[in-house]
Amino acid sequence: MIVDRLYQSVAEKGPICVGLDTDISYVPQWLRDECENDGEAVLAFNKQIIDACCDVAGCFKVQIAYYESLGMQGLQAYRDTLAYLRQKGQIVIADIKRGDIAKTAEMYAKGHFTGDFEADLVTLSPFMGLDSITPYLPYIKEQEKGVFVLVRTSNPGREDFQYIRSESGETIYDIVGRRLQDEIGVDCMGQCGYSSVGAVIGGTSSLEAETIRKKLDKTFFLIPGYGAQGGKAEDIARYLKDRNGGVVNSSRAVLLAYKKAGDERDFATAARNEVIKAREEILSACAEYEK
C-alpha cells in the first residue's frame with residue numbers, strides 16, 4: 001500500500017510535503033531568461049527545488065492548476081515534473097481535486113494513475129457522493145495508489161457547507177470523514193495502521209484537531225494551511241500522532257524562501273533551509289504536545 005511508503009518516508013525524513021504550486025512569477029528572472037518558454041522555466045525551477053529537498057521532505061505535491069494556466073507548455077512541465085519526481089524515487093501527490101462519477105471518474109483515475117500524468121496519490125472532492133471515490137479503488141488495491149479526499153479544508157469558506165449539522169448533530173465534515181474511513185478506507189488498510197484512502201484536513205484551526213484525530217484514527221491526513229495561510233506548528237502537532245499520520249503541505253514559504261534569504265541565484269538552498277526549519281518547528285511542537 002502506498003500509505004506504508006508514505007508513513008515510512010515521514011518517519012525517515014519528516015512530515016513536510018513540498019508543494020510545487022509553481023507560479024511563473026515565482027521563478028527568478030535570470031532563470032526565465034535562460035529558458036525558451038515559461039513551461040521550461042517552471043520545470044527547471046522545480047528540478048532544482050526537488051534536488052535540494054528530496055532528502056528532507058516526506059513527499060511532494062504538484063498542483064495542476066498552475067501548469068494548466070500555461071497551456072501546453074505548462075502541461076509538459078507538469079508531466080516532466082511528475083516524471084522527475086518518480087525518477088528520484090519521491091512520493092508525489094497530484095493535487096487535481098476531481099469530483100465526478102461513473103465513466104468520467106474512471107477516465108480521471110486512468111489519466112492520473114497511469115501514463116504521462118501518473119502520480120502516487122491524487123486529491124478528490126466527495127461532493128457528489130461516495131461513488132465519486134469508488135472508481136479509484138481498483139488502482140489503490142491493485143497498483144499501490146492512493147487518494148486524499150477533501151473533508152475539512154483550510155479556507156475561510158469551509159464553514160459555508162462543511163460545518164452544517166445534521167439532525168444528529170454531526171457536521172458535514174464529520175459525516176464525510178466517518179463514511180470515508182468506515183465504508184471505503186477500511187478495505188485499503190496498510191500495515192502502518194492507516195488507510196490509503198486519506199483525508200485533506202486543514203491545519204488553520206486547532207479547535208477540533210484532537211476530536212478529528214481521535215475519530216479518524218485510521219486515516220492519513222494531508223494538512224494544508226501551514227505557514228502562509230496562518231496554520232502554526234502547535235496547531236499542526238494536534239493532527240499528527242507519534243509525529244506521523246499526516247503530511248504538512250508548504251508551498252509558497254518554500255518556493256519563495258529565496259526572497260527572504262536575499263539570493264535568488266541560490267533559491268534551491270533557501271528552499272531546503274525552509275523545509276528543514278518547518279520540519280524542526282513541527283517536530284518540536286509535537287514533542288511539546290506529547291509531554
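1. In this predicted model, Ser 251 is buried, because its relative accessible area of 12% falls under the 20% limit for that class. Ser 251 sits in the loop between β8 and α11 (252-255). Leaving aside residues up to four places away in sequence, Ser 251 touches Gly 19 and Asp 21. With Asp 21 there is also a polar contact, side chain to side chain, at 3.1 Å.

2. Gly 19 belongs to strand β1 (residues 16-19), which is covered on both faces. Ile 16 and Val 18 are buried on one side, and Cys 17 and Gly 19 are buried on the other. In a regular strand, side chains alternate between the two faces of the sheet.

3. Which strands pair with β1 in the parallel sense? One is strand β8 (residues 246-250), with 3 bridges; here Ile 16 has Val 248 as its bridge partner. Another is strand β2 (residues 59-63), also with 3 bridges, and in β2 Cys 59 stands opposite Cys 17.

4. The structure holds 18 salt bridges. Side chains of opposite charge can pair when their charged atoms come close. One of these salt bridges joins Asp 120 to Arg 5, with the closest N and O atoms 3.8 Å apart. This pair links distant parts of the chain, 115 residues apart: Asp 120 is in the loop between α6 (102-113) and β4 (121-124), and Arg 5 is in helix α1 (residues 2-13). Asp 120 is buried at 8% relative accessibility, whereas Arg 5 is partly exposed at 37%.

5. A salt bridge also forms between Glu 118 and Lys 145, where the closest N and O atoms are 2.7 Å apart. Glu 118 lies in the loop between α6 and β4, and Lys 145 in the loop between α7 (137-143) and β5 (146-152), 27 residues apart.

6. Glu 210 and Arg 238 meet through their side chains in a salt bridge of 4.0 Å, N to O. Glu 210 is in helix α9 (residues 209-215) and Arg 238 in the loop between α10 (233-236) and β8, so the pair ties together parts that are 28 residues apart in sequence. Glu 210 is partly exposed at 46% relative accessible area, and Arg 238 is partly exposed at 26%. Elsewhere, salt bridges with shared partners join Asp 21, Lys 61, Asp 95 and Lys 97 into one network.

7. Ile 172 is found in helix α8 (residues 172-184) and is partly exposed, with a relative accessible area of 37%.

Conventions:
Residues numbered from 1 in each chain as written. Predicted model: local features only at pLDDT ≥ 70, side-chain atom pairs only at ≥ 80, totals over all residues. Heavy atoms only, no water. Buried < 20%, exposed > 50% of the residue type's maximum accessible area, 1.4 Å probe, protein only. Helix = DSSP H or I, 4+ residues; strand = E, 2+ residues; numbered from the N terminus. Pairing = 2+ DSSP bridges. Polar contact = N/O pair within 3.5 Å; in protein donor to acceptor, adjacent residues only side chain to side chain. Contact = heavy atoms within 4.5 Å.
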